[in-house]
Amino acid sequence: MEEMVKEVCQHPRLNEKAPDSEAITTHGKIKLSDYKNKWVVMFSHPADFTPVCTTEFVAFSKANEEFQKRNTQLIGLSIDSIHAHLGWVQSIEKNFGVKVPFPIIADLDMKVANLYGMIHPAAGSTAAVRSVFIIDDEGILKAMIHYPMSNGRNIDEVIRLLDALQTSKKNGVATPANWKPGDKVIVPPPQTQDDMYKRKDMGYEYIDWYLCFKEL
C-alpha cells in the first residue's frame, strides 16, 4: 500500500511545478524550462502510424496558429523512436498536405511518460494513453485530461479550456460550465460574513451569496 501511495504521489498535481527533464524530439533536444514565459500544451498519443492519432495530429497541426495566438507551445509525445516520428510526420504531410509544426518527444525509455503518469496499465502497458497537460507561463501545471486509446480529442475544447485558464489567471475569476470568451465570469465567493451581506450591492449579477457573475 505504501508503495502504491508513493507511486501516485510522484505523478504531477495541479497547481504544482510541472516535471522538467531533457527530451529528444523532432526539433532537437528540449526541456520544459526552455519555454519559460510561454504556456505549454503537451499531449501524448499511443503510437505513430495509427488512425486515431493521425487524425489528432492533423487537427493539432491545423490549430497551431490558434495556440500561438495564446502564447502557447504545443508539444507531442509517444513511446516511439525519433525515426518513427520523422517517418510519420512525412506521411502526414504527404497524405494530408499538413506540416507538423511542433516538436514530438521520442520517449522510448518512458521517462517523460512516467514522470507525468501517462502509462495506465489497464489501458495498455507499453503505450501512453491520450493525455493533455496544460502548463502556464510560470511552469505550473494547470490542467490535465486523460482519454482512452479508442477516442480522439476535441481540439476546440482544449483551446476553450486554455482560454478559460488564462482568463482565470489574469483576472482572478472562475468560469462557469460551457464558458467561452466573451461570456460572463464567476466572481470568487466571499470569505467573510460581512462580505456575504454586501454582495447584493456590489453591481454583480446576483444569483445567491455564493454565485455572482460579472462581465470582464
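Me: Is Cys53 buried or exposed, and what is its relative accessible area?
Reply: This is a predicted model in which local features need pLDDT of at least 70 and side-chain atom pairs count only at pLDDT 80 or more, while totals for chains, interfaces and linings use all residues. Residues are numbered from 1 along each chain as its sequence is written, and side-chain values use heavy atoms, leaving out hydrogens and water. Buried means under 20% relative accessible area, exposed over 50%, and partly exposed in between, with a 1.4 Å probe and protein chains only. Cys53 is therefore buried, with a relative accessible area of 1%.

Me: How many disulfides does a search of the whole structure find?
Reply: A disulfide is a covalent bond between the sulfur atoms of two cysteines. The criterion here is a pair of cysteine sulfur atoms within 2.5 Å. For the whole structure the search gives a count of 0.

Me: How many residues of strand β4 are buried?
Reply: Helices (H or I, at least four residues) and strands (E, at least two) are DSSP runs, numbered from the N terminus. β4 covers residues 72-78. Thr72, Leu74, Gly76 and Ser78 point one way from β4, Gln73, Ile75 and Leu77 point the other way, and all are buried. The count for β4 is 7 of 7.

Me: In which sense do strand β3 and β4 pair, parallel or antiparallel?
Reply: Two strands pair if DSSP finds at least two bridges between them. β3 (residues 39-44) and β4 have 6 bridges, and Phe43 stands opposite Gly76 in β4. The sense of the β3 and β4 pairing is parallel.

Me: Which handedness does the β-α-β crossover from β4 through helix α4 to β5 have?
Reply: β4 and β5 (residues 104-106) pair in the parallel sense over 3 bridges, with Ser78 opposite Ala106 in β5. The chain crosses from β4 to β5 through α4 (residues 82-96). A crossover is right-handed if, with the strands pointing away from the viewer, the path from the first strand over the helix to the second runs clockwise. This crossover is right-handed.

Me: Around the axis of α4, what arc do they cover, the residues that lie on the same side?
Reply: An α-helix has 3.6 residues a turn, so residues three or four places apart point the same way. The buried residues of α4 are Ala84, His85, Trp88, Val89 and Ile92. They lie on the same side of α4, because the arc, taken from the directions from the helix axis to the C-beta atoms, is only 135 degrees.
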